[in-house]
Amino acid sequence: YCLLRPPGHHAVRSGAMGYCVFNNAAVAIYAALSQGLARKVFHVDWDVHHGNGTQDIFYSDPRVLTVSLHQDQLYPIPGGSVDEHGEGPGEGFNLNLPLPAGSGHAAYLQAMTEVVLPALELFQPDLITVSCGLDASWCDPLGRQLCTSDTYREMTEIGEAP
């Protein structure tokens, strides 16, 4: 278990972006894969912004299934649409779940139970990583999502289900 901030989900392979210098989640995933600690990694990102950096880094890697729940058309634009599935050997290993502004507890839990959990069960990873952005909270002044502390707790519990 590793708890660190920020996850760095905007930092792309070629450099920094969106206040993220290093993509710490991607570094952890690569370390686990390269050291033989995992063969397959499931990464979920529930920040209010699209996890574009993590998507960029693993877009052609079938060992990593990346999932991003985010507010539709917030940042970065363009990006984060449902038709971005991965490329080459990574085709089908990227899922974007852009949610409309004003989505909250019920919408996030529905996305987790109806899309994320089935993808997790089908992929059968050795390791699960999470970029847990808290700016989808109802009290964040920039995002317009309505998640609560219960939302984050329940999303975590759903991820523990398999």
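Start with Q73, which sits in the loop between β2 (64-71) and β3 (94-99). Strands here are DSSP runs of E with at least two residues, helices are runs of H or I with at least four, and both are numbered from the N terminus. This is a predicted model, where local features need pLDDT of at least 70 and side-chain atom pairs count only at pLDDT 80 or more, while totals for chains, interfaces and linings use all residues. Residues are numbered from 1 along each chain as its sequence is written, and side-chain values use heavy atoms, with hydrogens and water left out.

Back to Q73. Its phi is near 60°, a positive value in a residue other than glycine. Most residues other than glycine have a negative phi. Q73 counts as partly exposed, because its relative accessibility is 48%. The cut-offs: buried is under 20% relative accessible area, exposed is over 50%, partly exposed is in between, with a 1.4 Å probe and protein chains only.

Next, Q124. Where is Q124? In the loop between α3 and β4 (127-131). Q124 is not a glycine either, yet it has a positive phi of about 55°. At 56% relative accessibility, Q124 counts as exposed.

Now the helix pair. Helix α3 covers residues 105-123 and helix α4 covers residues 149-160. They pack at an angle of about 15°, with axes 10 Å apart. Axes are lines fitted to C-alpha atoms, for helices over the stretch in contact, and angles run from 0 to 180 degrees between N-to-C directions. So α3 is roughly parallel to α4, a label for angles under 35 degrees.

Who makes the contact, meaning heavy atoms within 4.5 Å? From α3, H105, Y108, L109, M112, T113, L117 and L120. From α4, D150, T151, E154, M155, I158 and G159. These contact residues divide into seven nonpolar, four polar and two charged. Nonpolar is Ala, Val, Leu, Ile, Met, Phe, Trp, Tyr, Cys and Pro; charged is Asp, Glu, Lys and Arg; the others, Gly among them, are polar.

Last, cysteines. Exposure: C139 is exposed at 53% relative accessibility, whereas C147 is buried at 0%.

That's my list.

Notes: Parallel < 35°, antiparallel > 145°, perpendicular 65-115°, else oblique. Contact = heavy atoms within 4.5 Å.
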